[in-house]
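Dear colleague,

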Amino acid sequence: MEQFRAVRRRTLDLAEPLSAEDQCIQSMADVSPTKWHLAHTTWFFEEFILKAHANGYEAFDPHYGFLFNSYYEQVGPRHERPKRGLLSRPPLADVLAYRTHVETAVSRLMAEQDDAASLLSNLVELGCHHEQQHQELLLTDIKHVLSCNPLKPAYQPPRPRDASRTRTWDWIEQAGGLVEVGQGSEDFAFDCEGPRHRVWLEPYRLASRPVTNGEFLAFMEDGGYRRPELWLSDGWAACKRQGWQAPLYWDRNGDGDWRIFTLAGLRPLDPDAPVCHVSFFEADAYASWAGKRLPTEAEWEVVATPLTPAGNFAGSREYHPVPAQGDGLRQIYGDVWEWTASAYRPYPGFRAAEGAVGEYNGKFMSGQMVLRGGSCVTPEGHVRPTYRNFFYPADRWQFTGIRLAEDCPHRSVQVPPLTETEEAQETPADPSTLAFLNDVVVGLSDTPKSLPAKWFYDEAGADLFEAICELPEYYPARTETEILRNAAPAIAEALGPKPVLVEYGSGAMSKVRRLLDCLQEPHAFVAIDISAEQLAQAAGDLEAAYPKLRVHTIAKDFTKPISLPEWLGEAGRRCAFFPGSTIGNFDPLEARLLLERMREAVGSGGALVIGVDLKKDKARLEAAYDDSTGVTARFNKNLLVRIQHELGGDLDLDAFEHRALYNEAAGRIEMHLRSRERQTVTVAGHKFHFEPGETIHTENSHKFTVPEFQALAEDAGFTPVQAWTDPDNLFSVHLFDAG
C-alpha cells in the first residue's frame, strides 16, 4: 500500500505547477490533457479493482467510465481520444475529489482482504506501474502543450547543471552467441516482457553513449533531411509530408543559433547533450548517414542487464537529457529512450491475460518499434533491463534518442557441436551464472575495465570479508559494533513494540544481534542476501540463538526491488537495517535509488538504521583497504578465482595485484586489480587483452560527512532522527524515519 500511496502522491506533485487551464489543453491527437491523466489513472483502479472486487462499491460518477476509459474495448464505449481536450467538464476539483474517493476505497479494500490479498496486490501493483507510465506521459504531453503557446512558458525554472562532460565515445564489444533475454524472475514486469527465451546474436559493438545534439547537427548540415538515399521509404514520405528539418522542439533565433524548447522554457542548444525528440525514421536515417545501424532490442538488453537501472530519471527533477560524464558505457538508462531496430512483436510463447486487462499490451503488437532504457521523465524504479517501450516510427514527442551499433565481421562465435547426450539433456544455464557471465563480459569489454562488487560474495568471499572485519587496520567493523552497542537502546525505544527488522546484505547476521538483544518482542527478522548458501547457514545459527524469533530469508540481489511477505502486515514498525557502510559502494544516484526502495519496503511510518563511513585522512583509509597481511588482496582477487571456477576462465592469478587508493576529489576509496604484464585472458570463449598497469576497477567505497549523508537520505524521502559517531569520528550510525 505504501507504493500505491507514493505513486498517487507523485502524480499530484507533477500536476501541481500547472494551472487548471494548463491541465485542460490537448495540443494534438497523441497528447492527453493533464486532467485526463489524473482521471484515467484513477479510473483504472476503480474499474479493475473496486468494481470487480469491492462488494457494494458505488462508482463516484457513472459517466466517468465513458469519459476516462482509454482503449479497453471489453469495458465498453469511450470518449474519442482526439477529443479529450473538449472535456471542460468535469472541472479539475471534481477530478481531484474522484482521486481521493478511489484512493480511500482501495486502501479500505486492501486492509480488509485475506484470501484475495495476493490477487488484489498484483492488480494494485499493475495499477501503480500503469500510473507511472502516465506520469511520464503527463510530462511529455504538457511539454508539447506549452510549446504550442506563443509565450513559450516554462513548466519549471532552469536547474543548475554540472559543467563536467565527456565528448568522446568508444565501442562496447560483444561476442554474441546464444543468449537469454526477457523477464524470467518473479519480480514485477509487464506481460510483453516475457517469456524468457533464447536468441542468437552475431558479434556486435554498441556505442558507449547516445548520439549528441552536436553530432546530429552535423547530419543536418550535411543535408540529412534532404537526402532520400539515407531514409526508409515510409520515413522519407513522413519527412516530406510533415516538413521535418530538425528534431522536434528545435528552433533558430534571429542570429541563426539553434535553441530547444524544454520544460524549463527555451534554452540554448547544448551540443554535448543527447539528441532527443527524434522519430525512429530520423534515428535510422542518422545511423545510415554515420555508416552504422540501430541495435536490436536483444543486443541492447544483453549489454544493459548487468547494470543497475540508475541515471538521469524523473527523480533528478532535471526533466531534460544531460551530457554524458565519465568513461565506458554511459547513459544506458535514463536521459533518452533509445530506438532499436526491433519491431514490437510478441516473444515466443507470449499469451495475453484473459479479460480486459489482457488488452494492456498485446493488441498493440503491430506497426510499432521498440525503445529501451527509460528517459529523463521516466520515474525511478519503473524500468528494468527487460522493459519494452513502443511507439509508432514517426512519433517524436517522447524523449526518444539514438544509440548506434555495428556488426563485428572480423569476429566469429565458435560453437562446439553437442554430443548426443548433451543434445538430449541440454538445459538453460543457471540464471545467476548467466548474470555473472554477462557482467564479466560487459565489464572486461569496457574502457576502463570494471567488475561489479556484488560478485565478491560467494561463500569464500563472505568468509574473507568476515576475516577482514577482524583485522586491526579495518576500523569500520569494530567501530560500528561499538556504536551499535551504545545506540541500540535508543533505537529500540524509537522502533517500539513488535518491530520487524529487514536487513539488506545480511551476510553472517552478526551485527543485527546488537539490536535484537534490545528490541521489545521483535516480531520477525527478514534477511536479504545474494548468497543463498551463506544465508541458510546464518539463518539457522540466528534461529538457534533466538528461538522465539521468526526468521524469513530472501536469496536475492538486494539492489533489485524486494517484495516482503504479506504476513508482516500484522506486526509493528518496519525498520530497514543496512550496516557495514555498504551504502558507500554505490554511486550517489544508485545509492538514492536503493534508499528509495528501502523506504518503499518499510512503508510510511517505517524506519532506517544504516552504517556510514566518514571522511578521514588518506593514510588511514588506504590502510583499511590494503592490510599488511594481504587478506583484502585475497578478497579482491577472489573475483578472479570465481571467474576461473564458475566461468572456465583461463587466467593467471599471479599476473594481477591488488591496489587500493583514496580518490579525494570523488570522496571514495577505489579498489583495483592491476595487470603486472601484457596478457590476454579467456572467459567462456571471450578474449580480453591487458596492457601492463591496466586495471579492473572492482569496488568504490564512498565516504561522507554526517550532513552529506543526511542530505542524500532526505532526497530519498527519509527524515533524520539521530546520528551516533565514535569519539574519533571514524564511523557513524544513523536512524531515519520514513515519512
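What do the buried residues of α6 pack against? They pack against β5 (250–252), β6 (258–262) and α8, where helices (H or I, at least four residues) and strands (E, at least two) are DSSP runs, numbered from the N terminus. This is a predicted model, in which local features need pLDDT of at least 70 and side-chain atom pairs count only at pLDDT 80 or more, while totals for chains, interfaces and linings use all residues. Residues are numbered from 1 along each chain as its sequence is written, and side-chain values use heavy atoms, with hydrogens and water left out.

Asn-213, Phe-216, Leu-217, Phe-219 and Met-220 are the buried residues of α6 (buried means under 20% relative accessible area, exposed over 50%, partly exposed in between, with a 1.4 Å probe and protein chains only). Because they cover an arc of only 155° around the axis, they lie on the same side of α6; the arc is that of the directions from the helix axis to the C-beta atoms. Just after α6, Gly-223 takes a positive phi of about 80°.

Just after α19, Gly-717 takes a positive phi of about 100°.

Definitions and conventions:
Contact = heavy atoms within 4.5 Å.
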